[in-house]
Amino acid sequence: MNRTWIRTVLALSVCLPLAAHAHKAWLLPSETVLSNNGWITVDAAVSNDLFYFNHAPMRVDNVRIVGPDGQLVSATNVNTGKYRSTFDLNLATSGTYKIAMVNQMLMAQYETDKGEKKRWRGSPERFAQEVPANAKNLVVRQNQSRVETFVTAGKPNDTALAPTGEGLELVPMTHPNDLFAGEPAQFRFVLDGKPAPNVKVLLVPGGSRYRTKQNETELTADAEGKITITWPEAGMYWLEASVEDNKASFEKATSRRASYVATFEVLPQ
């Protein structure tokens with residue numbers, strides 16, 4: 001039997017039962033732990049496989065990089081191609097950096113004064129200009145998303161890891177650049193700065209292109225928003241969590257979905 005045909009069938013068998021998770025957004029640094037100050041490159045993409053560029057680039061207009069002293073650091077050499085975006089980061093100060101893509105999006109449906117049904121999506125800043133003030137049967141939903149990764153040059157510290165208090169965030173109890181295969185790590189989820197109990201979490205190791213199964217692990221945070229992960233093996237991992245509630249920060253939104261994604265590197269012992 002033709003090997004190419006076999007690979008195609010296996011690839012399809014992987015995607016079909018996981019359609020809801022087919023497209024995954026992620027940030028992937030070229031290195032997560034450096035012994036000294038230096039440069040790294042970060043890839044940003046939305047893909048079917050982890051961590052391969054085969055669907056669409058992630059827009060990095062809203063990239064937010066917090067340095068070891070808590071101050072914002074600028075990305076350089078930003079570029080967006082057909083399947084991925086890239087940027088460089090100078091780790092000029094020793095310590096831990098948090099790299100995050102943070103987005104706020106609104107989705108609305110309404111009727112015009114002529115009875116036409118309309119759908120709209122965009123930023124909160126565009127809402128007032130593009131959605132009629134007299135829209136009928138207006139329903140607005142807020143989406144808050146955060147995609148993160150962490151990099152350390154030299155000695156790690158925790159300043160950049162502090163939550164902002166907006167949306168769903170991860171607060172590391174184990175340092176995110178001190179992860180080793182076979183060892184447990186603890187993280188805590190907070191929603192708007194407060195513990196997020198019972199959050200559902202999905203963990204998937206990279207390299208899914210070369211597996212017939214996703215090998216995902218499902219976890220549930222405890223009453224204080226805590227989860228414990230014992231890493232089965234070294235490699236890159238993708239973590240996703242989300243919550244839905246009626247605590248939207250946008251005045252006209254009646255519901256909210258807050259999502260969180262992170263990429264971690266687990267090292268061999």
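The legends below accompany close-up views of a predicted model of one protein chain.

**View 1. Confidence along the chain.** The protein chain averages a pLDDT of 90, and 92% of the residues score at least 70. Residues 1-21 are the stretch to treat with care here: pLDDT stays under 50 over them. For these residues the model has 10 contacts beyond four places in sequence.

**View 2. Strand 11 and its pairing partners.** Strand 9 (residues 95-111) runs antiparallel to strand 11, with 16 bridges joining the two. In this pairing Val102 stands opposite Arg146 of strand 11. Strand 19 (residues 255-266) pairs with strand 11 in the parallel sense, over nine bridges. Here you can find Asn143 opposite Arg257 of strand 19. Leu34 has Ala153 of strand 11 as its bridge partner.

**View 3. The largest nonpolar core.** This core has 28 residues, and those with the most contacts inside it are Phe187, Phe189, Trp231, Leu239 and Phe264. At least two core residues come from each of strand 12 (168-172), strand 13 (184-191), strand 15 (200-205), strand 17 (226-230), strand 18 (235-245) and strand 19. Strand 19 gives the most, with five residues. Apart from this core lies another, of 27 residues, including Leu27, Leu28, Leu34 and Leu202. As general background, nonpolar side chains in soluble globular proteins tend to be buried together.

**View 4. The surroundings of Phe264.** Residues up to four places away in sequence are left out of this view's contact list. Beyond them, Phe264 touches Phe150, Leu170, Pro176, Leu179, Phe187, Trp231, Gly235, Met236, Tyr237 and Leu239. Ring pairs link Phe264 with Phe150, Phe187, Trp231 and Tyr237 into a cluster.

View 5. The structure holds 10 aromatic pairs, and two of them are drawn here. The rings of Trp26 and Phe51 are edge-to-face, at 5.3 Å centre to centre and 85° between the planes. Trp26 sits in strand 1 (residues 24-29) and Phe51 in the loop between strand 3 and strand 4, so the pair links distant parts of the chain, 25 residues apart. Trp26 and Phe51 are both buried. Trp231 and Phe264 form a tilted pair, with 6.1 Å centre to centre and 55° between the planes. Trp231 belongs to the loop between strand 17 and strand 18, and Phe264 to strand 19, 33 residues apart. The model contains 10 salt bridges. In one of them, the side chains of Glu244 and Arg141 meet at 3.4 Å, N to O. Because Glu244 lies in strand 18 and Arg141 in strand 11, the pair ties together parts that are 103 residues apart in sequence. Glu244 counts as exposed, at 55% relative accessibility, while Arg141 counts as partly exposed, at 24%. Arg256 forms a salt bridge with Asp245, and their closest N and O atoms are 2.7 Å apart. Arg256 is in strand 19 and Asp245 in strand 18, 11 residues apart. Both Arg256 and Asp245 are buried. A network of salt bridges links Lys98, Arg146, Glu148 and Glu169.

**View 6. The salt bridge of Arg84 and Asp43.** The side chains of Arg84 and Asp43 meet in a salt bridge of 3.1 Å, N to O. Arg84 lies in the loop between strand 7 (76-80) and strand 8 (85-91), and Asp43 in strand 3 (residues 38-47), so the pair ties together parts that are 41 residues apart in sequence.

**View 7. The surroundings of Pro57.** Pro57 lies in strand 4 (residues 56-57) and counts as buried, at 15% relative accessibility. Leaving aside neighbours within four places in sequence, Pro57 is in contact with Ala44, Ala45, Val46, Thr80, Gly81, Lys82, Tyr83, Arg84 and Ser85. The C-alpha atoms of Pro57 and Trp26 are separated by 9.8 Å, and the two residues are 31 apart along the chain.

Technical notes
Residues are numbered from 1 along each chain as its sequence is written. This is a predicted model: local features need pLDDT of at least 70, side-chain atom pairs count only at pLDDT 80 or more; totals for chains, interfaces and linings use all residues. Side-chain values use heavy atoms; hydrogens and water are left out. pLDDT is the predictor's confidence in each residue, from 0 to 100. Contact means heavy atoms within 4.5 Å. Two strands pair if DSSP finds at least two bridges between them. Helices (H or I, at least four residues) and strands (E, at least two) are DSSP runs, numbered from the N terminus. A nonpolar core is a set of buried Ala, Val, Leu, Ile, Met, Phe, Trp, Tyr and Cys residues joined through side-chain atoms within 4.5 Å. Buried means under 20% relative accessible area, exposed over 50%, partly exposed in between (1.4 Å probe, protein chains only). A salt bridge is a side-chain nitrogen of Lys or Arg within 4 Å of a carboxyl oxygen of Asp or Glu. Rings of Phe, Tyr and Trp (its six-membered ring) pair if their centres lie within 6.5 Å; planes under 30 degrees apart count as stacked, over 60 as edge-to-face and the rest as tilted.
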